[in-house]
Amino acid sequence: MRLVINKRKCSGCHICELVCSVYHFGVASPKKAAIRINKDDLNTSINTPKVCLQCVDRKMKCLRGFPDPTDPATARESFLWDRACLEFCPYDAIFRYEDSALHCNLCDGHPRCVEFCTPGAITVR
Ligand code: SF4
Ligand code: SF4
């Protein structure tokens, strides 16, 4: 499973960030979310949700940041990653939080952002 983003439908409401942080940390804080909304600087109303693409195993460059060899499936299930992974994701799709990196683990199989994104900008495939 992976999240599919349609940025044309994104209103920029940030609800996905809030429900992500509530699910994983119990607090509503975009800084504690594994999905982030990039707003354009040109005021053209384009919002781009960024989240892990759940790359296939051989393309998971992020795994180079783990201190020990890590099974891709095990890494996928984890939300808190080593901070060193940040420099290896070519899509900037994981986010720094204190000494860790936040990685979308699809809310253990039931992504909350999909459930709460009323414009339908986030779906699963
Ligand atoms: S909840 Fe949906 S519409 Fe709102 S910011 Fe997130 S992706 Fe965009
Ligand atoms: S963290 Fe980046 S490289 Fe790793 S699976 Fe997600 S999108 Fe792909």
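In this predicted model, helix H1 is followed by Gly26, a residue whose phi is positive and lies near 80°. Within H1 itself, which spans residues 15–25, the buried residues are Cys16, Glu17, Val19, Cys20, Ser21 and His24. An α-helix has 3.6 residues a turn, so residues three or four places apart point the same way. The buried residues of H1 pack against strands S2 and S3, against helix H3 (112–116) and against strand S7 (122–124). For Cys20, when neighbours within four places in sequence are left aside, the contacts are with Ala33, Ala34, Ile35, Arg112 and Cys113.

The largest nonpolar core contains 25 residues, and those with the most contacts inside it are Cys16, Cys20, Ala34, Ile35, Ile94, Cys104 and Cys113. At least two residues of this core are supplied by each of H1, strand S2 (35–39) and strand S6 (100–102), and H1 gives the most, with three residues.

Two ligand surroundings were also examined. Ligand 1 is surrounded by 14 residues, of which Cys10, Cys13, Cys16, Cys117 and Ala121 are the closest; the elements that contribute two or more residues to this shell are H1 and strand S3 (47–51). By class, the shell around ligand 1 comprises ten nonpolar and four polar residues, with no charged residue.

Technical notes: Residues numbered from 1 in each chain as written. Chains lettered and ligands numbered in written order. Predicted model: local features only at pLDDT ≥ 70, side-chain atom pairs only at ≥ 80, totals over all residues. Near = placed C-beta within 6 Å. Helix = DSSP H or I, 4+ residues; strand = E, 2+ residues; numbered from the N terminus. Nonpolar A, V, L, I, M, F, W, Y, C, P; charged D, E, K, R; others polar. Core = buried A, V, L, I, M, F, W, Y, C linked by C-beta atoms within 7 Å. Buried ≥ 20, exposed ≤ 12 C-beta atoms within 10 Å, placed from the backbone. Contact = placed C-beta atoms within 7 Å.
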